[in-house]
Amino acid sequence: MSSTSSTPLAAIPAPRSAPTFRGRIGSDARSGHYAVPRRYRLHLSTACADGLRIAVTHSLLGLDESCPAVFLSAVPDCPSGGHSALRPLYEASAHRYAGPATAPVLSDDWSGRIVSTHAPDIMRDLARHFGEGGPQLYPCGAESEIEAVERLCAEGIEDAAQRAGAAGVEQEERDAAVGRLLETLGSLDRWLDGREHMLRDELTAADVELWVSLVQLDTVHRNHLDAAAVQRIADHPHLWAYARRLAAHPAFGTHLDLDGIARRHHARCRGLEAAGAAVQILDWAAHAADETGACRS
């Protein structure tokens with residue numbers, strides 16, 4: 001994005017909480033975790049927003065052989081909200097670990113321990129150390145712009161939509177959250193008028209970030225908004241045309257587990273369903289591509 005549009009975005013505070021593990025893959029042995037094909041393994045649930053982001057990145061970079069991925073169930077099977085399959089990794093990585101064994105996880109097969117549970121770091125390390133020959137998802141000089149898009153999506157779309165549909169929120173606060181959401185969507189819609197991608201006329205991590213946020217908006221947050229708000233959200237033709245185009249890309253559409261997203265949402269959410277649940281913005285199943293690149297009928 002241009003300097004005039006990215007500067008104000010950079011002032012928005014990042015909302016993600018501190019991860020349990022945040023190791024990094026480096027370029028040499030001194031880093032501790034240096035880049036070796038098939039040394040690392042991903043553990044993901046594509047029903048989770050961060051898991052979907054990493055899965056799309058993994059497919060775009062063609063890393064099935066160099067960094068295998070294990071796909072977990074949509075709904076965690078532990079009462080604590082974690083996955084039992086990940087418990088051994090957590091217990092090996094932290095003495096007397098008592099928290100939930102959540103995904104996503106990047107693990108080290110050599111040590112049997114966790115490297116990172118921080119999705120943005122995982123995506124960057126995959127692209128920088130294993131992405132040779134794939135698209136430049138983090139092109140040189142674009143890092144600040146990508147970070148601005150990440151913050152805009154997290155604050156202006158996901159957090160605003162969640163606040164707009166939260167139970168027990170005063171109408172004034174709800175209206176303010178809807179206004180912020182619509183303002184964000186409007187700016188993105190204008191930005192995408194005449195553009196195929198968010199940055200530099202090429203597919204980057206900014207597109208992965210925005211696409212997943214739009215998936216979450218239509219498949220999760222919409223269920224707790226009123227019909228009038230959803231209709232106003234849908235009234236951004238360039239933005240939703242962009243979402244349809246990316247869904248037809250096999251690296252994106254292949255990982256779109258609509259049933260899993262719905263089951264995960266219903267298992268975690270205790271809020272009331274609103275009228276907007278009946279106003280679907282996109283028919284994602286119709287637009288999503290399978291692994292052959294063909295759109296599903």
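Visitor: Before we start, which pLDDT do local features need here?
Guide: Residues are numbered from 1 along each chain as its sequence is written, and side-chain values use heavy atoms, with hydrogens and water left out. This is a predicted model in which totals for chains, interfaces and linings use all residues, side-chain atom pairs count only at pLDDT 80 or more, and local features need a pLDDT of at least 70.

Visitor: Good to know! How many helices and strands are in the protein chain?
Guide: Both kinds of element are DSSP runs numbered from the N terminus: helices are H or I with at least four residues, and strands are E with at least two. On that basis the protein chain has twelve helices and four strands.

Visitor: What percentage of the 297 residues count as buried?
Guide: Buried means under 20% relative accessible area, exposed means over 50%, and partly exposed is in between, using a 1.4 Å probe and protein chains only. Of the 297 residues, the buried share is 53%.

Visitor: In what order do the four strands lie in the sheet?
Guide: Two strands pair if DSSP finds at least two bridges between them. Strand S1 (residues 40–44) and S2 run parallel, joined by three bridges, while S1 and S3 run antiparallel with four bridges. S3 and S4 are also antiparallel, joined by three bridges. The sheet is open, with mixed pairing, and its order is S2-S1-S3-S4.

Visitor: Which strands stand at the edges?
Guide: Each edge strand has a single partner strand, so one side of each is left without a neighbour in the sheet. These are strand S2 (69–71) and strand S4 (113–116).

Visitor: Which residue is the bridge partner of Arg41 in S3?
Guide: On the S2 side, Leu44 has Phe71 as its bridge partner. In S4, Arg113 stands opposite Asp108. For Arg41, the partner in S3 is Ser107.

Visitor: Are the faces of S3 covered or open, and by which residues can I tell?
Guide: Val105 and Ser107 lie on one side of S3 and are buried.

Visitor: At what angle to S1 does helix H4 run?
Guide: Axes are lines fitted to C-alpha atoms, for helices over the stretch in contact, and angles run from 0 to 180 degrees between N-to-C directions. Helix H4 (residues 119–130) lies across S1, strand S3 (105–108) and S4. Its angle to S1 is about 145°.

Visitor: How many of the 13 residues of H2 are buried?
Guide: The buried residues of H2 include Leu52, Ile54, Val56 and Leu60. They pack against S1, S2, H4, helix H5 (143–165), helix H7 (205–219) and helix H10 (250–253). H2 is mostly covered, and its buried count is twelve.

Visitor: What span does H2 reach from its first C-alpha to its last?
Guide: The expected span of a helix is 1.5 Å times one less than its number of residues. For H2, with 13 residues, 18 Å is expected, and the computed value is close to that: 19 Å.

Visitor: How do H5 and H6 cross, left-handed or right-handed?
Guide: The axes of H5 and helix H6 (residues 171–191) come within 8 Å and cross at roughly 145°. A crossing is left-handed if the near helix is turned anticlockwise from the far one by less than a right angle, and right-handed if clockwise. The crossing of H5 and H6 is left-handed.

Visitor: Is His224 buried or exposed?
Guide: His224 sits in the loop between H7 and helix H8 (227–234). Contact means heavy atoms within 4.5 Å, and, neighbours within four places in sequence aside, the contacts of His224 include Ala164, His265 and Cys269. With a relative accessible area of 14%, His224 is buried.

Visitor: How many disulfides does a search of the whole structure find?
Guide: A disulfide is a pair of cysteine sulfur atoms within 2.5 Å. Cys67 is buried at 0% relative accessibility, whereas Cys269 is partly exposed at 24%. The number of disulfides found is zero.

Visitor: Finally, how far apart in space are Tyr34 and His129, C-alpha to C-alpha?
Guide: Tyr34 lies in the loop between helix H1 (3–9) and S1, and is partly exposed with a relative accessible area of 26%. In sequence, Tyr34 and His129 are 95 residues apart. In space, their C-alpha to C-alpha separation is 8.8 Å.
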